[in-house]
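Here's a quick briefing for anyone opening this structure for the first time. Have a look at the model, then follow the topics below.

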Amino acid sequence: MLPFHGTAEGIGAQPGFWEMWLPLEILPLIGVAVGAAIYLFGVWRLNRRGDKWPIGRTAAWVIGGMGTIFISTQGPLAYLDTILLSTHMVQHMLLSMITPVFLALGAPITLALRTLPLKLRNLLLAFLHSRYAKFMTFPGIAGLIYVMNPWILYYTGLYEVTLTNQFWHNVNHFHFIAVGCIWVWSLIGIDPMPRMGYPLRLITTFITLPFHAFLGVTMMSSENLIAESHYESLFRNWGPTIAEDQQIAGGLLWVAGDLVGLLLFVVLLVQWSKASSREAVRIDRDLDRQEAAAAAAKTEQEVG
């Protein structure tokens with residue numbers, strides 16, 4: 001099957017920047033528009049009844065989350081993602097590592113619980129408290145899925161299928177986001193959902209840190225080229241060679257994986273510190289109330 005942006009003779013001359021913006025990828029574009037519209041509708045419903053919703057959460061979802069999905073699935077990244085493995089890797093990093101962070105900070109579950117009708121809200125709560133949700137968001141399970149996903153994708157025939165079939169290509173993009181969300185939301189999400197304590201989340205994050213680096217180094221040093229037959233069929237005569245392109249992709253995966261992993265580690269430490277501070281304040285208030293109640297009771301006894 002021909003690449004999405006190619007001809008029977010190959011992909012032709014190197015495309016210009018503006019040429020790569022057309023045609024638009026319709027299905028991802030619809031997904032971005034619908035995702036932003038539903039979220040903004042929920043915020044509008046809250047504002048209409050007099051409740052407030054943090055502007056930072058709205059910006060995180062609409063600009064950060066939907067924005068990175070748009071950038072990843074339209075324009076140069078979308079045009080070149082079946083032509084250069086390195087471009088695909090940038091897309092992979094954005095969809096699986098960056099987009100989920102913004103989506104988590106948008107707190108969509110909290111927004112849904114505050115705006116959905118009672119029956120739908122109860123269904124959502126039942127799912128959040130289900131064994132399935134607890135299993136999937138357990139850091140060890142979520143981390144294992146997150147770590148194994150790229151190894152299975154790139155070192156089986158699945159990746160090449162996504163390069164030659166538009167349906168599976170779109171499914172792969174959605175899969176990146178879903179797997180990233182399961183992992184990131186189980187660590188730093190602010191929505192009410194099953195979540196383990198901070199020590200276990202930190203340990204799991206630390207354990208998973210090296211795996212993207214291992215995969216990146218493996219790509220850079222491997223003599224077996226990923227999806228070699230597909231890339232050879234493009235007859236590309238510009239840009240890096242197939243081997244050089246794979247080395248670039250491996251380097252991107254190595255560096256980006258470490259940076260994002262360290263970022264999550266730092267965010268967890270900050271969240272843990274803030275949670276501890278809030279807990280200390282709560283305990284102090286409880287002690288103050290107990291002391292005040294004891295003092296009032298003593299005063300009543302003395303008066304009596």
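This is a predicted model: local features need pLDDT of at least 70, side-chain atom pairs count only at pLDDT 80 or more; totals for chains, interfaces and linings use all residues.

The residues around the largest pocket sort into 30 nonpolar, eight polar and one charged. Residues are numbered from 1 along each chain as its sequence is written, and side-chain values use heavy atoms, with hydrogens and water left out.

**The largest pocket**

- The largest pocket has a volume of about 1200 Å³. A pocket here is an open set of points on a 1 Å grid over the protein atoms alone, with protein on both sides within 12 Å along at least five of seven lines, whereas a cavity is a set of points where a 1.4 Å probe fits but cannot get out; lining residues have an atom within 4 Å of a point.
- Grid points are joined across faces, edges and corners, and a volume is the space filled by probe spheres set on the points.
- The lining of the largest pocket takes in 39 residues, and Trp61, Leu103, Pro108, Phe174 and Trp185 are the ones nearest its centre.
- Helices α1 (26–48), α2 (55–73), α5 (108–115), α6 (118–128), α7 (131–136) and α10 (166–188) each bring at least two residues to this lining. Helices (H or I, at least four residues) and strands (E, at least two) are DSSP runs, numbered from the N terminus.
- Which helix gives the largest share of the lining of the largest pocket? That's α1, with 10 residues.

**The second largest pocket**

- The second largest pocket holds about 210 Å³ of space.
- Its lining includes Asn149, Ile152, Trp168 and His175.
- Two or more residues of that lining come from each of α8 (139–154), α9 (158–164) and α10.
- The largest share, four residues, belongs to α10.
- By class, the lining of the second largest pocket has six nonpolar residues, four polar ones and no charged ones.

**Cavities**

- Four cavities of 30 Å³ or more turn up in the structure.
- Among the residues lining the largest cavity are Met97, Tyr146, Trp183, Thr205 and Leu264.
- Helices α8, α11 and α13 (242–303) each give two or more residues to the lining of the largest cavity.
- Sorted by class, the lining of the largest cavity has seven nonpolar, five polar and no charged residues.

**Salt bridges**

- How many salt bridges are there? The count is two, with a salt bridge being a side-chain nitrogen of Lys or Arg within 4 Å of a carboxyl oxygen of Asp or Glu.
- Arg49 and Asp51 meet through their side chains at 2.7 Å, N to O.
- Asp51 also pairs with Arg114, with the closest N and O atoms 4.0 Å apart. Asp51 sits in the loop between α1 and α2 and Arg114 in helix α5, so this pair ties together parts that are 63 residues apart in sequence.
- Put together, Arg49, Asp51 and Arg114 form a linked network of salt bridges.
- Arg49 is partly exposed at 47% relative accessibility, Asp51 is partly exposed at 27%, and Arg114 is partly exposed at 31%. Buried means under 20% relative accessible area, exposed over 50%, and partly exposed in between (1.4 Å probe, protein chains only).

**Aromatic pairs**

- The structure has nine aromatic pairs. In one of them, the ring centres of Tyr39 and Trp61 are 5.1 Å apart and the planes are at 10°, so the pair is stacked.
- Tyr39 in helix α1 and Trp61 in helix α2 are 22 residues apart, so to speak a link between distant parts of the chain.
- Rings of Phe, Tyr and Trp (its six-membered ring) pair if their centres lie within 6.5 Å; planes under 30 degrees apart are stacked, over 60 edge-to-face and the rest tilted.
- Both Tyr39 and Trp61 are buried.

**Helix α11**

- Ile207 lies in helix α11 (residues 198–221). Is Ile207 buried or exposed? Ile207 is exposed, with a relative accessible area of 51%.
- Buried residues of α11 include Tyr198, Arg201, Leu215 and Met219.

Methods: Ala, Val, Leu, Ile, Met, Phe, Trp, Tyr, Cys and Pro count as nonpolar, Asp, Glu, Lys and Arg as charged, and the others, Gly among them, as polar.
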